[in-house]
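Hi,

Here is the structure I promised to pass on. Have a look, and then read on for what turned up.

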Amino acid sequence: MLRDKIKADFKEAFKAREEVRLSVLKMVQSEIGNAEINKRGKLMKNLPIGEADGKAENIETAAFLNDEEVLQVLSREIKKRKDSIEMYEKAGRAELAEREKAEMAVLAAYMPEQLPEEKIRELAKLAVEQSGAKGEKEIGKVMAVLMPQVKGKSDGALVNKIVRELLNNIKV
């Protein structure tokens, strides 16, 4: 599991005294833990009153994040880094932007290989055809078809931009 790999890599970074990698992996483990607490809370909330006592162990096990959920946590953290890099560069704080880029590189190592833009365009065209969307107002239909195919393998903002371009170019 990806969660276990992050934990093992954290120990490795600690022993090797890799400061940036260590701090990023520590933060990621914390974010994974927070996501598991939230998931556990939702599971407990959905149980009928009085039934939580006997099922606490099952809920504890069910609250562990699977690889897809861990990838969502990593994606959020990468997006935060991208936003920070952009802000730091606009403010002329190159040293802070470099730190964020180094952190983003650590996070990106755990992500699946990203799809090239050409492949996303190909998949988006197929999604537009499958959904039957006729304009930008129907972007939701296209995204519903496309996102399961590209989730975790592409930047959502890029996918959205490509779909909008395709929908704007449709002649009705």
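How exposed is Glu-98, going by its relative accessible area? Glu-98 comes out as partly exposed, because its relative accessible area is 47%. For that label, buried means under 20% relative accessible area, exposed means over 50%, and partly exposed is in between (1.4 Å probe, protein chains only).

Before you go further: this is a predicted model, where local features need pLDDT of at least 70 and side-chain atom pairs count only at pLDDT 80 or more, while totals for chains, interfaces and linings use all residues. Residues are numbered from 1 along each chain as its sequence is written, and side-chain values use heavy atoms, with hydrogens and water left out.

Now the salt bridges, meaning a side-chain nitrogen of Lys or Arg within 4 Å of a carboxyl oxygen of Asp or Glu. The count is 21.

Glu-98 pairs up with Lys-101 in one of these, with 3.6 Å between the closest N and O atoms. The two are three residues apart in helix H5, so about one helical turn separates them. (Helices here are DSSP runs of H or I, at least four residues, numbered from the N terminus.)

Lys-101 also forms a salt bridge with Glu-89, and there the closest N and O atoms are 3.0 Å apart. Since Lys-101 sits in helix H5 and Glu-89 in helix H4, this pair ties together parts that are twelve residues apart in sequence. Both ends are partly exposed: Lys-101 has 34% relative accessibility, and Glu-89 has 44%.

Another link is the salt bridge from Glu-100 to Arg-81, at 3.5 Å between the closest N and O atoms. Glu-100 belongs to helix H5 (residues 94–108) and Arg-81 to helix H4, 19 residues away, so distant parts of the chain are joined. Here both residues are buried. Glu-100 and Arg-81 also belong to a salt-bridge network that takes in Glu-77, Lys-80, Arg-99 and Glu-103.

Asp-83 is in helix H4 too (residues 67–90). Asp-83 counts as partly exposed because its relative accessibility is 38%.

Last one: Met-143, in helix H7 (residues 139–150). At 16% relative accessibility, Met-143 counts as buried. Leaving aside neighbours within four places in sequence, Met-143 is in contact (heavy atoms within 4.5 Å) with Pro-148, Val-159, Asn-160 and Val-163.

Cheers
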